[in-house]
Amino acid sequence: MTDPLPVRGPFEGELDRLQRLLLEMAGRAEELVRMAMEGLAARDREMTRRVRKADDRIDELEVEMDERVLELLALRHPMAGDLRLVFFALKASNDIERVGDHAVNIAKSSRRLTRHPPLPDILEIGEIGGQVRKMLGDALDAMVTRDVEKARSVIAHDQRVDDLRRSAFRIIVSYMLEQPRYISPGLEMILVVQNLERVGDLATNIAEDVVFLVEGRSIKHMGASA
Amino acid sequence: MSDSSSERAAVPVLAAEDLTVRFGRRTALANVAIAVPRGRVVSVIGPSGGGKTTLLRAFNRLNELTPGVATTGTVRFNGVDLHGDEVDPVEVRRRIGMVFQQATLFPRSIFDNVAFGPRAGGYGGDLLELVEEVLDAVGLWSEVAEDPDRPAMQLSAGQQQRLCIARTLALRPEVLLLDEPTSALDPAATARIESLIHALRGDYTIVLATHGRRQAARLSDFTAYLAGGELIEYGPTEALFTNPRDRRTESYLTGRIA
């Protein structure tokens with residue numbers, strides 16, 4: 001049988017719009033994490049306001065996504081690959097929205113950190129920030145290009161983030177033990193690390209959902225066997 | 001051979017192997033292999049002219065009534081070759097009943113339409129009881145109980161179709177072949193037939209040919225996709241509709257048919 005001509009589905013335009021919406025949300029979430037990390041490094045009190053404002057926009061986009069998905073399900077009854085795309089968009093937009101929330105939490109922590117003496121530099125924290133931003137970016141690239149290998153590499157990265165978090169915690173705790181004045185900023189920094197780690201987890205979720213989108217099977221909770 | 005119920009359950013009610021049906025030079029079905037499990041609903045979907053009706057008609061030997069038909073391969077019913085010498089086609093059509101797209105009623109009373117088959121078959125029980133039972137099974141008894149002797153043609157299209165199903169049930173079939181049973185009905189009547197199919201599953205094995213992809217998704221345990229006389233894909237309905245294995249099934253389900 002010869003290959004049929006590529007045919008556009010009856011609501012391909014609507015599916016495209018769903019993807020574009022998701023990409024816009026994702027791009028903004030990535031930027032938010034970058035801003036929050038910059039604010040943290042620069043002890044910039046103003047950053048919190050800007051991060052919050054940018055997060056409001058992501059929240060609006062999430063609401064728009066919910067509406068569009070509901071509409072598509074109600075009116076179009078997508079099936080097979082189209083159904084998986086709609087399902088993916090809904091889940092991923094929820095994850096992306098939460099990335100935004102974590103960025104806001106980081107910004108709030110960094111604002112509170114400015115009231116305390118700065119902790120000595122902890123290289124691991126910057127590295128976690130870089131790692132989770134890369135994971136987020138790669139998960140979204142994998143979505144656009146339907147690249148399952150790339151999605152799997154994101155999932156593999158999550159272990160590295162966990163390792164970095166453990167080292168960062170050890171270092172922070174050792175500062176807190178040495179100097180009581182580091183206790184408050186130390187606690188705050190632990191929150192920052194925890195929020196970053198959650199961003200990594202959410203990027204992993206998105207990557208797992210990309211595999212589902214492409215292959216139609218869930219690889220969640222399968223560990224290394226996936 | 002033992003007749004234990006577990007062994008019986010393991011044998012598909014209907015199984016086609018290498019089934020090819022030609023009408024003159026046109027091939028309507030090509031090398032189809034499909035097994036229909038007992039007590040389940042199997043949907044057959046696919047474009048018009050894809051072979052859905054021919055497959056249903058092959059399951060109760062209706063194709064052979066069409067001049068110029070040539071059938072090769074086998075169809076087994078409870079493990080027995082339907083085309084075996086000792087098999088009586090009339091008995092086949094009693095045990096494997098069929099309902100068509102358009103209600104095909106006799107211009108007689110509601111009662112007579114149901115009673116006709118059992119009477120012809122020399123039914124020995126209480127005919128009135130049987131008619132009431134099967135009309136009740138299709139949800140029609142409460143609607144016609146006051147006057148079951150009125151002409152069947154006075155019923156609405158949806159009621160007529162349910163009457164056709166009742167008439168088939170009156171023959172105590174094992175399998176119901178439903179060929180587009182709702183395509184001539186409005187949404188409310190369609191919903192009634194769909195609930196009926198849902199209620200009959202288990203007691204009967206049902207093979208449903210339908211244009212309605214969503215109807216297949218709603219009703220069936222297994223779905224077969226037939227196109228160009230070829231069985232492209234057959235599997236559990238939830239798998240077929242969320243993650244079809246064949247690209248052609250994907251194209252059909254998502255409306256990307258060239």
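How many bridges join strand E1 to strand E4 in chain B, and do these strands run parallel or antiparallel? Eight bridges connect E1 (residues 14-23) of chain B with E4 (residues 69-77) of chain B, and the two strands run antiparallel. The structure is a predicted model.

- Phe77(B) has Val80(B) as its bridge partner in E5(B).
- A hairpin is formed by E4(B) and E5(B), with two residues between them.
- In the turn of this hairpin, Asn78(B) has a positive phi of about 50 degrees.

**The six-stranded sheet of chain B**

- Chain B contains an open sheet of six strands with mixed pairing, in the order E6-E7-E8-E3-E9-E10.
- Strands E6 (96-99) and E10 (230-236) of chain B stand at the edges; each has a single partner strand, so one side of each is left without a neighbour in the sheet.
- From one strand to the next, the twist averages 15 degrees.
- Strand E3 (residues 41-45) of chain B and strand E9 (residues 222-227) of chain B run parallel and are joined by four bridges.
- Opposite Ile45(B) stands Tyr225(B) in E9(B).

**Helix H2 of chain A**

- Helix H2 (residues 47-76) of chain A comprises 30 residues.
- From its first C-alpha to its last, H2(A) reaches 42 Å, close to the 44 Å expected at 1.5 Å a residue.
- The buried residues of H2(A) are Met47(A), Thr48(A), Val51(A), Asp55(A), Ile58(A), Leu61(A), Met65(A) and Leu72(A).
- These buried residues pack against two helices of chain A, namely H1 (12-42) and H3 (80-113).
- An α-helix has 3.6 residues a turn, so residues three or four places apart point the same way.
- His77(A) follows H2(A) and has a positive phi, near 45 degrees.

**Contacts between chains A and B**

- Contact between the chains involves 13 residues of chain A and 14 residues of chain B.
- On the side of chain A that touches chain B, seven residues are nonpolar, four are polar and two are charged.

Notes: Residues numbered from 1 in each chain as written. Chains lettered and ligands numbered in written order. Predicted model: local features only at pLDDT ≥ 70, side-chain atom pairs only at ≥ 80, totals over all residues. Pairing = 2+ DSSP bridges. Axes fitted to C-alpha atoms, helices over the stretch in contact; angles between N-to-C directions. Expected span 1.5 Å × (residues − 1). Buried ≥ 20, exposed ≤ 12 C-beta atoms within 10 Å, placed from the backbone. Contact = placed C-beta atoms within 7 Å. Nonpolar A, V, L, I, M, F, W, Y, C, P; charged D, E, K, R; others polar.
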